[in-house]
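Please look through the sequence and the structure shown below. The paragraphs after them go through the parts in turn.

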Amino acid sequence: MARVTTTSATLDLWYHYGRRRAAVERGMPEDFRWAWGQDAGPGAEVLGDLTGLCVADLGAGAGRHAAYLAVRHRVGRVDAVDASAAQHAMASDLFADRVPCLRLVRADVVAHLRAVPASYDVLFSVFGALDFTDPRDLLPLAAAALRPGGRLVFSTLAHYPSGEPAEADVTHADVAARGPNGEPATMRRWVLREHVWVGLLTEAGFADIDIELLPASADDAQGVDTLLLRARAG
């Protein structure tokens, strides 16, 4: 019998991921890193001076990076935006009413950005919504949600974890996942080459696009390289 799959439209596909991470991550990270292995490369300084600014983490998961910025930097507010009920519950358990300037937002990122034009100074994502949302939908709304001159910074896979090269067109891969009851499912992930990201960002209205390749560290058993992208809203 063929395997029947279900998409993320009906299931919280981050349920099991959140439960696994909750067992070992019970607070704010000691550091902020963009690389896949979370053990090398640049940190929060890439975001620039955040003093008094309004910031959002797109696809924030349990909100740990957002909480780090709220505590360690003098932000005005950090919104941790994620659609997953399981991830939002974990973030609430860890940080609700404990971290000043942090707001936990359970919402689809595309819907959230559409509702808040010209509201943010900085948007960022660490292997978050930019990986799992069609960039043709997300990037124009991200540009519109930023104030003039606002910054978008995100890290994403430079290639598939298997070693297969990134896509040369705006094409997603179907990634195996499980629903809350263990049912088989798939989710979409966009793993794109540098020139594809540049084209998408330009079409969405971004300028001053910068891409940095962060090679996997010697201690990263998976050997996954990272792309770190920075762009400015017009």
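Is Asp210 buried, partly exposed or exposed? Asp210 has a relative accessibility of 35%, so this residue counts as partly exposed. The class follows because partly exposed covers the range between the limit for buried, under 20%, and the limit for exposed, over 50%. This value, like the others in the text, is computed from a predicted model.

Asp210 also has a charged partner. A salt bridge joins Asp210 to Arg230, with 3.1 Å between the closest N and O atoms. Asp210 belongs to strand β8 and Arg230 to strand β9, and the pair links distant parts of the chain, 20 residues apart. Arg230 has a relative accessible area of 24% and is therefore partly exposed.

Another salt bridge runs between Asp208 and Arg232, where the closest N and O atoms are 2.6 Å apart. Here too the pair links distant parts of the chain: Asp208 is in strand β8 (residues 206-214), Arg232 is in strand β9 (residues 226-233), and 24 residues separate them. Asp208 is exposed, with a relative accessible area of 53%. Arg232, at 31% relative accessibility, counts as partly exposed.

How many salt bridges are there by this rule? The count comes to nine. One of them connects Asp131 and Arg189, with 2.6 Å between the closest N and O atoms. Asp131 is in helix α5 (residues 129-132) and Arg189 is in strand β7 (residues 184-190), so the pair ties together parts that lie 58 residues apart in sequence. Both Asp131 and Arg189 are buried. Salt bridges can also share residues: Arg77, Asp79 and Arg103 are linked in a network of them.

Asp12 is found in the segment before α1 (15-22). Asp12 is buried but has no salt bridge. How far away is the nearest side chain of opposite charge? That side chain belongs to Arg106, and the distance is 6.2 Å. The side chain of Asp12 does reach the backbone, though. The backbone nitrogen of Ala85 is 3.1 Å from the side chain of Asp12. For the backbone nitrogen of Ala86, the distance to a polar atom of that side chain is 2.9 Å. Leaving aside neighbours within four places in sequence, the residues in contact with Asp12 are Ser84, Ala85, Ala86, Arg178 and Pro180.

Not counting residues up to four places away in sequence, Leu102 touches Ala66, Ala67, Ala70, Val78, Ala80 and Phe95.

A pair of aromatic rings is described by the distance of the centres and the angle of the planes. A search of the whole structure finds six aromatic pairs. In the pair of Phe154 and Trp197, the ring centres are 5.1 Å apart and the planes stand at 65 degrees, so the pair is edge-to-face. Phe154 is in strand β5 and Trp197 in helix α7 (residues 194-203), so the pair ties together parts 43 residues apart in sequence. Phe154 has 1% relative accessibility and therefore counts as buried. Trp197, at 0% relative accessibility, also counts as buried. Elsewhere, Phe32, Trp34, Tyr68 and Phe124 form one aromatic cluster.

Finally, consider the chain as a whole. Its secondary structure comes to seven helices and nine strands. Of the 234 residues in the chain, 48% are buried. Among contacts with a separation of 6 or more, 72% are between residues 24 or more positions apart.

Methods. Residues numbered from 1 in each chain as written. Predicted model: local features only at pLDDT ≥ 70, side-chain atom pairs only at ≥ 80, totals over all residues. Heavy atoms only, no water. Contact = heavy atoms within 4.5 Å. Helix = DSSP H or I, 4+ residues; strand = E, 2+ residues; numbered from the N terminus. Buried < 20%, exposed > 50% of the residue type's maximum accessible area, 1.4 Å probe, protein only. Lys, Arg positive; Asp, Glu negative; His and termini not counted. Salt bridge = Lys/Arg side-chain N within 4 Å of Asp/Glu carboxyl O. Polar contact = N/O pair within 3.5 Å; in protein donor to acceptor, adjacent residues only side chain to side chain. Phe/Tyr/Trp six-rings, centres within 6.5 Å; stacked < 30°, edge-to-face > 60°.
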